[in-house]
Amino acid sequence: MRVHVIHGPNLNLLGIRDPAIYGTLTLDELNARIADLAAELKVEVEFFQFNSEGALIDCIHASRERAQGLIVNAGAYAHSSIAIADAITSVGLPAVEAHLSNIYAREAYRRISVIAPVCIGSVVGLGPNAYLLALRGLVAHLYP
Ligand code: DQA
């Protein structure tokens, strides 16, 4: 079983970007933690990061035949991109939304996720653990 972890815009700058909100872990360090858990859970994991909406959509489309599930942090696109939500629906893969920060405790414009309704679940606000819990939830969904 393979899971694709798809990071959206500005997440390549983790570690230097607003550390008070997003923490000090770099994207590589975050991915390493996810990879450790994936090994423990005996699932394969592949990582992607794109800053543009179209690249994220292409990545989701390409996942259709290469992965059994998705973890998606669409970054700010989570609050606006119907196109990314449509891409998730279109490929028919179970997806879990992850956000490092608690989007419900921040600015009003972050309190809506248009991705959430097309995902099997969302984990927000726990820092790197959001991704780890998302992976556990996705694996439990795939192997009930
Ligand atoms: C984020 C939350 C978004 O509102 C923000 O635009 C990001 C990061 C998070 O992981 O907390 O880029 O997705």
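1. Basis. Because the model is predicted, local features need pLDDT of at least 70 and side-chain atom pairs count only at pLDDT 80 or more, while totals for chains, interfaces and linings use all residues. Residues are numbered from 1 along each chain as its sequence is written, and side-chain values use heavy atoms, with hydrogens and water left out.

2. Fold. The chain has five helices and five strands. Helices (H or I, at least four residues) and strands (E, at least two) are DSSP runs, numbered from the N terminus. Their order along the sequence is β-α-α-β-α-β-α-β-β-α. Along the principal axes, the C-alpha atoms fill a box of roughly 35 × 30 × 25 Å.

3. Burial and surface. Of the 144 residues, 46% count as buried. Buried means under 20% relative accessible area, exposed means over 50%, and partly exposed lies in between (1.4 Å probe, protein chains only). The chain exposes about 6800 Å², and carbon and sulfur atoms supply 54% of that area. Accessible areas come from the Shrake-Rupley method with a 1.4 Å probe; for residues, only the protein chains shown count as cover.

4. Among contacts in the chain with a separation of 6 or more, 77% join residues 24 or more positions apart. Contact means heavy atoms within 4.5 Å. The chain has 10 positive and 13 negative charges, and their mean positions are 4 Å apart. Lys and Arg count as positive and Asp and Glu as negative, whereas His and the chain ends are not counted. The place of a charge is NZ of Lys, CZ of Arg, CG of Asp or CD of Glu.

5. Largest core. A nonpolar core is a set of buried Ala, Val, Leu, Ile, Met, Phe, Trp, Tyr and Cys residues joined through side-chain atoms within 4.5 Å. The largest one holds 25 residues, of which Ile-34, Ile-71, Tyr-131 and Leu-135 touch the most other members. At least two residues each come from β1 (2–7), α2 (27–41), β4 (95–99) and α5 (129–142). Helix α5 supplies the largest share of this core, seven residues. In soluble globular proteins, nonpolar side chains tend to be buried together.

6. Tyr-131 and the second core. Not counting residues up to four places away in sequence, Tyr-131 touches Val-5, His-7, Leu-11, Leu-30, Ile-34, Ile-71, Asn-73, Ala-98 and Leu-100. A second, separate core has 19 residues, including Leu-56, Ala-78, Ala-85 and Ala-87.

7. Most residues other than glycine have a negative phi. Asn-10, which is not a glycine, has a positive phi of about 75°. Asp-18, also not a glycine, has a positive phi of about 35°. Asn-10 is in the loop between β1 and α1 (19–22), and Asp-18 lies in the loop between β1 and α1 as well. Asn-10 is partly exposed at 37% relative accessible area, and Asp-18 is partly exposed at 42%.

8. Leu-27. This residue lies in helix α2 and is buried, with a relative accessible area of 10%. Leaving out residues up to four places away in sequence, Leu-27 touches His-7, Leu-11, Asn-12, Leu-14 and Gln-49.

9. Gln-68. The loop between α3 (53–63) and β3 (69–73) holds Gln-68, which is partly exposed at 36% relative accessibility. Not counting residues up to four places away in sequence, Gln-68 touches Met-1, Arg-2, Leu-93, Pro-94 and Leu-142. Gln-68 and Leu-93 are 25 residues apart along the chain, and their C-alpha atoms are separated by 6.3 Å.

10. Two alanines in helices. Ala-83 lies in helix α4 (residues 82–91) and is partly exposed, at 34% relative accessible area. Beyond its neighbours within four places in sequence, Ala-83 is in contact with Glu-53 and Ile-57. Ala-140 is in helix α5 and is partly exposed at 46% relative accessibility. From Ala-140 to Leu-41 the C-alpha distance is 10.0 Å, and the two are 99 residues apart in sequence.
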